[in-house]
Amino acid sequence: MRHIVKPGETLSSISGDYRVPLLSIIQANSLSNPNLIYPGQLITIPGYPDPSTLPYTIYVSLKNRTLSLLKNGSAIKVYPVGVGRMLHETPSGNFIIINKAPNPGGPFGTMWMSISKIHYGIHGTNDPSSIGKYVSRGCIRMQNSDVEELAMTIPIGTSVTIGQ
């Protein structure tokens, strides 16, 4: 998996986002000085497949509050979602699914899937009436049956693009 360094990112923040040890990233990239990275630089993240080799991708529209599942570039399903409210906006950008955790409990419903942005994920809900609204603290909230279906379909490493 390759990550493009964004302005303000450090190897430590990238390590946190992907939940990969800093030393593993340094070694995978043969970095002589890990303090010298720059925006636009390609960094190899060990342990994840190249998303371009996977058949599925996810696109989240914040404006429409939908999550589209695409297979080989064609939409196969569109789900309604709840997204971040004012002061807790859902982050825009390109991410990947880095793990799946069934039954996380509480407000996260029956499934949690972390994206490669620490503290953010796609998850179920204990409040189905929140779907379709700007209500979360930045995560993408789905009906429990929908997030379970999605989690069974996509592999770890699936690309997630969040846009307007």
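Me: How do the residues of the lining of the largest pocket divide into nonpolar, polar and charged?

Reply: They divide into 6 nonpolar, 3 polar and 2 charged. Here Ala, Val, Leu, Ile, Met, Phe, Trp, Tyr, Cys and Pro count as nonpolar; Asp, Glu, Lys and Arg count as charged; the others, Gly among them, count as polar. A word on the source: this is a predicted model, where local features need pLDDT of at least 70, side-chain atom pairs count only at pLDDT 80 or more, and totals for chains, interfaces and linings use all residues. Residues are numbered from 1 along each chain as its sequence is written, and side-chain values use heavy atoms, with hydrogens and water left out.

Me: Which residues line the largest pocket?

Reply: First, the general idea. A probe the size of a water molecule, rolled over the atoms, shows where empty space is left. A pocket is an open set of points on a 1 Å grid over the protein atoms alone, where a 1.4 Å probe fits, with protein on both sides within 12 Å along at least five of seven lines; lining residues have an atom within 4 Å of a point. In this model, the lining consists of Met1, Arg2, His3, Ile4, Lys6, Tyr18, Pro51, Asn94, Phe95, Ile96 and Ser159. Two elements each give two or more residues to this lining: β1 (2-4) and β7 (93-102). Strands are DSSP runs of E with at least two residues, helices are runs of H or I with at least four, and both are numbered from the N terminus.

Me: How much space lies in the largest pocket?

Reply: About 190 Å³. Such a volume is the space filled by probe spheres set on the grid points, which are joined across faces, edges and corners.

Me: How many helices and strands does the chain have?

Reply: The chain has 3 helices and 12 strands.

Me: What does the radius of gyration say about the chain?

Reply: Compare it with a rule. The radius is taken over C-alpha atoms, and the globule rule is 2.2 Å times the number of residues to the power 0.38. For 164 residues, a compact globule would come out near 15 Å; the chain has 16 Å, which agrees. The C-alpha trace spans about 50 × 35 × 30 Å along its principal axes.

Me: What share of the residues is buried?

Reply: Start with the cut-offs. Buried means under 20% relative accessible area, exposed means over 50%, and partly exposed lies in between (1.4 Å probe, protein chains only). Buried residues make up 45% of the 164 in this chain. The chain exposes about 8200 Å², and carbon and sulfur atoms supply 56% of that. These areas come from the Shrake-Rupley method with a 1.4 Å probe; for residues, only the protein chains shown count as cover.

Me: Is isoleucine 131 buried or exposed, and what does it touch?

Reply: Isoleucine 131 is buried, because its relative accessibility is 12%. It sits in the loop between β9 and β10 (134-136). Contact means heavy atoms within 4.5 Å. Setting aside neighbours within four places in sequence, isoleucine 131 is in contact with Pro80, Val81, Gly82, Thr125, Arg141, Met142 and Gln143. Methionine 142 is 11 residues from isoleucine 131 along the chain, and their C-alpha atoms are separated by 6.4 Å. For the chain, residues 24 or more positions apart account for 57% of the contacts with a separation of 6 or more.

Me: Is histidine 119 buried or exposed?

Reply: Histidine 119 is exposed, because its relative accessible area is 65%. Its place is the loop between β8 (111-115) and β9 (121-123). Not counting residues up to four places away in sequence, histidine 119 touches Arg19, Trp112 and Cys139.

Me: Where is glutamate 89, and how far is it from proline 104?

Reply: Glutamate 89 lies in the loop between β6 (83-84) and β7. Proline 104 is 15 residues away in sequence and 22 Å away in space, C-alpha to C-alpha. Glutamate 89 counts as partly exposed, at 49% relative accessibility. Apart from neighbours within four places in sequence, glutamate 89 is in contact with Gly84, Tyr120 and Gly138.

Me: What is phi at arginine 65 and asparagine 72?

Reply: Most residues other than glycine have a negative phi. Arginine 65 has a positive phi of about 55 degrees. Arginine 65 is in the loop between β3 (56-61) and β4 (66-71), and is partly exposed at 22%. Asparagine 72 also has a positive phi, near 50 degrees. Asparagine 72 lies in the loop between β4 and β5 (74-80), and counts as exposed at 61% relative accessibility.
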